[in-house]
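Please read them alongside the sequence and the coordinates.

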Amino acid sequence: MSPIRTLAAAAVLALAASPLYAADPPSGRPVTLIVPFAAGGGVDSMGRLLAERLRSELPQGVVVENKPGASGMLGAQAVVRSAPDGATLLLGSAGETAINPLVFKGKMQYQPDKDLAPIALIARVPNVLVANPKLPVANVEQLVAYGRANPDKLTYATSGVGNPQHLNGELLQSLAGIKMVHVPYKGASAQLVDVAAGSVDLTFVSLAGALPFIKSGKVKPLAVTSAKRASFAPDIPALAEYAPLKDYALENWFGVFVPSGTKPEVQQKLAAAIGRSLKDEKFVASIRELGGEVQPMSQDEFRAFIKAQTDVFAKVVADGHITAEN
């Protein structure tokens, strides 16, 4: 074979091996979307919705792989250590990409701002503050008054130390001038069961997780943690609507990341594919059902968003002296 034909054949093979090769025949190697939490939960559901939608954008296909453990860090580490070729993606949340470096300082084995490249924000997911129906408060104003009159009597459950739910509680205490007792759990279902039973007064959880309990009257919703009311729950006020808490805004969010060494052109192709997915009305509606607000951003906007959010989390962590290393 002539040198020219050899080079041409090599170029074709290189394109075919690329995870973003978009011509026929598509590469046989599917893109892997790593979800750093267990199958069956809300994060997993979001990952599978995204993978399903991206299959129409990426002809080689997309598969979901769950890698739970260490507050999402095992899955993130797997992506950091993967080949930077666009074949391995992370569905990262605020936890493993912004909060964990603040609360797991001695345990972090990667640096999110250096080892992961942000591609696209998928959704912002506010938590909802719910209470036991017998707690003698009907709204946030009454909750704050009750908390001030009963320091250290209110208890609130979260799914662990240093996660967005925990930070929600710390921010509420800071802005409202109250003291509550934090009760960490290992899952939202147990939190809700105990709030419904009265073992714990309050919990911060995703609306999707709380909705069955709210509809059945087992818990009562007091407020969402976003700066404004969520489009999918317009009847539930935002904490910030109570004037003393006007600066309250703290929510979880999810986005796609790749290893930082991934070529810019591959990142751009992924960002474009995800951007088209975020304009799909069916996909957007499905994310809303999970309690998420889709908010398309450019890569630069997403980077700036992460930086701003990290600054917010850092202040809450510092003010609350939060650490997950004890």
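1. Strand S6 (residues 155–158) pairs with S8 in the parallel sense, over two bridges, and Tyr-156 has Leu-202 in S8 as its bridge partner. The model is a predicted one, and the points that follow should be read with that in mind.

2. These two strands belong to an open sheet of five strands, with mixed pairing and the order S7-S6-S8-S5-S9. Strand S7 (181–184) and strand S9 (220–224) stand at the edges with a single partner strand each, so one side of each is left without a neighbour in the sheet. Direction ignored, neighbouring strands of this sheet are turned by 30° against each other on average.

3. Ser-206 is placed in strand S8 (residues 202–206) and, because its relative accessibility is 25%, counts as partly exposed. Leaving aside neighbours within four places in sequence, Ser-206 is in contact with Pro-126, Asn-127 and Val-128, while its C-alpha atom is separated by 9.2 Å from that of Val-224, 18 residues apart along the chain.

4. H9 lies across strand S5 (127–131), S8 and S9, and runs at about 120° to S8.

5. The axes of helix H8 (residues 188–197) and helix H9 (residues 207–215) come within 10 Å and cross at roughly 30°, which makes H8 roughly parallel to H9, since angles under 35 degrees count as such. The crossing of H8 and H9 is right-handed. In this contact, Leu-192, Val-193 and Ala-196 of H8 meet Gly-209, Ala-210 and Phe-213 of H9, and the residues of the contact divide into five nonpolar, one polar and no charged.

How values were computed: Residues numbered from 1 in each chain as written. Predicted model: local features only at pLDDT ≥ 70, side-chain atom pairs only at ≥ 80, totals over all residues. Heavy atoms only, no water. Axes fitted to C-alpha atoms, helices over the stretch in contact; angles between N-to-C directions. Helix = DSSP H or I, 4+ residues; strand = E, 2+ residues; numbered from the N terminus. Parallel < 35°, antiparallel > 145°, perpendicular 65-115°, else oblique. Left-handed = near helix turned anticlockwise from the far one by under 90°. Contact = heavy atoms within 4.5 Å. Nonpolar A, V, L, I, M, F, W, Y, C, P; charged D, E, K, R; others polar. Buried < 20%, exposed > 50% of the residue type's maximum accessible area, 1.4 Å probe, protein only. Pairing = 2+ DSSP bridges.
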